[in-house]
Amino acid sequence: MRSWKAYKEHAWLRDEVTPITGKPVDTFGGWGATLVDSLDTLYIMGLREEFSLAVEAVSNNISFETTEAKTINVFETTIRFLGGLLGAYDLSGDTRLLSKAQDVGDMLYKAFDTPNHLPVTRWDIHAAARGEPQTAHGNTLLAELGSLTMEFSRLSILTGNPKYYDAVQHISELLAAAQAKTKVPGLWPIVVDASHEEFDLGSDYGLSGMADSAYEYLPKMAALFGQSTGIYADMYLRSMEASNKHLFFRPMTPKADDILFPGSLHASLSDNHVSTNLDPSAGHLTCFVGGMLALGGRVMSNKTHVEWADKFTKGCIWAYSSFERGVMPETMSLTPCSSRYDCQWSNSSWHGAILSTQSISTGAEGAVKVVEEQRLPPSFTKIPDARYILRPEAVESVFVMYRVTGDPSWQDEAWRMWTAIDKMTHTELANTAVWNVNPKPGEDAGKADSMESFWLGETLKYLYLIFSEPELVSLDDWVFNTEAHPFRRLKK
């Protein structure tokens, strides 16, 4: 309520509010990102008076006909605005929201007006309005191309108009056809060529940012349609089999914790031979993997995936607890075990990994100095980005694990995470992103005066649901898009 009040009083109808200085900021087309992202959170929390006020504001004051932004991000607009309106409609049944969702869908549909009907993901809406020719981009991020399916499919289901589903199903069929033919069969590279429909353009593979939600949407599409088989289930199972083989690694920890993280892979082709190199890095944007595997394992009755989910989610909890402030950084590099099944702690191995990761040639003494200067917790070899920007992914996986297993210990972990997050990010107005989760003793984390809409749309919603009755937005009946907007699932 503190964060919502800050937005309402200082940035109403704008995209975001700065949580320290209280200024309005437009980062997503100026269409009221925080307002739309918060709709279903308000409804779920029972704040019906605030919800009614917000719906009226969206209905009467937000127009998707134009924007002052030069270009718009089709992916972000889809998950935040189209997803937010559809989720709020599915919960409330307010037809004004469905009407506005169709407005967004029709606007975004124009981005598919290209020779091969693949969307322009960073889209000049003004050029499109002038009727200028459009072509999908040669360098396109996998996530921005493969993460439109849930929202467009749900819009087709609700409106009865198949055009939205047809547009994204075309992308899915191309991805399915290419999946077994990439340099790392089962996975797609982070960068693809949408213009020429080349889905093995890049050399880097992983489940982190820029690729994440393309994989996340595979089991979620199966859940949305009430299916345990079919194109989305098949792609999901193949991608996780490949990820288990090439990406999943266990970090070496002092207590020999049985946890997992998904690294990133560089694959190079020479003389028809593919060589690969695993980078044991991770971060907040990989912490969704536990929730994805838990959901996928449940939908497809795969106990192994739920077991993996447990290890991935506990890995992110371990990362949170590794820092004195109790919050993990945006990105980090870790010391990998040589085996997932037997991994004893070794200071020399940790120090060697630090020297290798940071390209230092001063020996063990140099590694010890780096640990002291950079305040590296055990197993961590580098912290490329020490920020915490109010991200939801770790608590999202805790939420799914709690709902799938019913184990109340997940609530205990969530409470520890929440209290650490709030202590570090709390401002008089709301909560803010911070620059450094690992400051020196006596130093401040450095408040960034930024609060993205996903703080209200995702992080606080997942935390609230962890401590709510399981019947509230039950995973038997609902599936969340990557912005935590709940869509009603079809039944078999």
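Biologist: Which helix does D212 lie in?

Modeller: D212 lies in helix α10, which covers residues 212–224. Keep in mind that this is a predicted model.

Biologist: Which residues does UniProt list for "active site" here?

Modeller: The unreviewed UniProt entry lists E76, D212, E330 and E393 under that name. From this set, E76, D212 and E393 belong to the lining of the largest pocket.

Biologist: Is D212 buried or exposed?

Modeller: Compare the relative accessible area with the cut-off: buried means under 20%. D212 has 12%, so D212 is buried. Leaving out residues up to four places away in sequence, D212 touches A143, L207, L285 and F288.

Biologist: And where is E393?

Modeller: E393 sits in helix α16, residues 393–405. Its relative accessibility is 10%, so E393 counts as buried too. Beyond its neighbours within four places in sequence, E393 contacts H284, L285, C287 and F288.

Biologist: Now helices in general. Why do residues three or four places apart point the same way?

Modeller: An α-helix has 3.6 residues a turn, so residues at that spacing point the same way.

Biologist: What are the buried residues of α9?

Modeller: They are Y164, A167, V168, Q169, I171, S172, L174, L175 and A178. These buried residues pack against α5 (95–109), α7 (142–146), α8 (149–159) and α11 (231–246).

Note on methods: Residues are numbered from 1 along each chain as its sequence is written. This is a predicted model: local features need pLDDT of at least 70, side-chain atom pairs count only at pLDDT 80 or more; totals for chains, interfaces and linings use all residues. Side-chain values use heavy atoms; hydrogens and water are left out. UniProt positions are given in the numbering used here, feature names are shortened, and annotations may be inferred rather than shown by experiment. On a 1 Å grid over the protein atoms alone, a cavity is a set of points where a 1.4 Å probe fits but cannot get out, and a pocket is an open set with protein on both sides within 12 Å along at least five of seven lines; lining residues have an atom within 4 Å of a point. Helices (H or I, at least four residues) and strands (E, at least two) are DSSP runs, numbered from the N terminus. Buried means under 20% relative accessible area, exposed over 50%, partly exposed in between (1.4 Å probe, protein chains only). Contact means heavy atoms within 4.5 Å.
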